[in-house]
Amino acid sequence: MPSSWSDQDVRVNGTSIMGRQFWISDRSGLDAMAAFRSTNFEVAYLQGTMWRPKQLAEIVRSIAITIDSCDADGVYPVGVLNRVGQLNSNRIELLALFAAENAQIEIQRDVLVAGGSTETWTGYAQAASTILPEQPEDFDSYQTVGIDLLFADPIWYGATNSVVVS
Amino acid sequence: MTLTFTGGSNYRLTNNSTDPVSWLQIDDSGTIVVDTRAGTALKGSTNVIAALSKDGGREFMRLLPGDNNMVLTGGGSVTIDFATPRG
């Protein structure tokens with residue numbers, strides 16, 4: 001795991017996916033911003049198009065994850081078969097995080113901001129397409145997997161505030 | 001966003017800052033908790049979603065960035081717990 005990301009954790013339903021057994025190797029997709037779905041213009045030569053208020057569309061954010069063959073403490077089992085077994089267990093643990101039934105999964109990310117403080121952002125998503133782990137031929141020690149997450153609400157939300165109206 | 005209504009009856013919370021003006025009406029009394037993300041309205045453990053009506057948007061309640069001109073009728077108060085959009 002890149003050391004520069006160590007204090008910017010990402011969690012799925014509370015479980016970190018920035019560990020030693022698996023970690024996000026490309027999370028730039030998490031920063032993707034949704035496009036505006038609609039338009040403020042009545043397009044020329046497209047009669048019948050109504051003006052509609054702009055609203056943010058849903059968004060698919062893609063991340064890449066590397067799965068290693070060590071345990072959560074970074075210890076590699078001795079022997080090829082044991083490493084393969086650990087790798088398989090790590091993959092099962094990871095994929096289960098994205099398989100919540102009848103519910104969106106909660107994605108939380110810690111984001112470093114100017115001044116050195118950390119904010120926690122939260123979004124809700126579900127897997128948008130097939131999750132297909134890839135493993136290099138004749139290489140038993142790691143796998144990579146791309147995961148597309150569909151955010152029905154494309155906004156990341158920060159800390160909770162409270163106001164009273166009376 | 002969570003809206004907790006207490007101490008009144010036939011609440012109507014209006015946000016005059018949105019365009020169009022948006023409001024949430026609850027034809028009930030006492031303490032009622034509305035969870036806009038979950039789409040639930042509970043009076044204790046009782047589902048009172050049928051007592052809700054609204055206008056001005058698809059959501060139960062809309063908030064805009066900055067100050068919002070909000071008015072509650074029906075007495076009591078409402079506590080609004082909301083998360084700040086960050087990215």
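Predicted model: local features only at pLDDT ≥ 70, side-chain atom pairs only at ≥ 80, totals over all residues.
Residues are numbered from 1 along each chain as its sequence is written, while chains are lettered from A and ligands numbered from 1 in the order in which they are written.

**Stop 1: the contact.** Select 15 residues from chain A and 14 residues from chain B to see the contact; residues touch here if their C-beta atoms, placed from the backbone, lie within 7 Å. On the chain A side, colour β6 (118-127) and β8 (157-165), which each supply at least two residues. Strands are DSSP runs of E, at least two residues long, numbered from the N terminus. β8(A) gives the most to this side, with nine residues.

**Stop 2: across the chains.** Zoom in on Tyr157(A), and you will find Pro85(B) of β9(B) opposite.

**Stop 3: a sheet in chain B.** Next, show the open sheet of four strands, ordered β7-β3-β2-β8 in chain B, with antiparallel pairing; strands pair if DSSP finds at least two bridges between them. At the edges lie β7 (52-55) and β8 (70-73) of chain B, each pairing on one side only. Finish with β3 (residues 22-29) of chain B, which pairs with β7(B) over four antiparallel bridges. Click Leu24(B): the bridge partner of Leu24(B) in β7(B) is Lys54(B).

Key
Contact = placed C-beta atoms within 7 Å.
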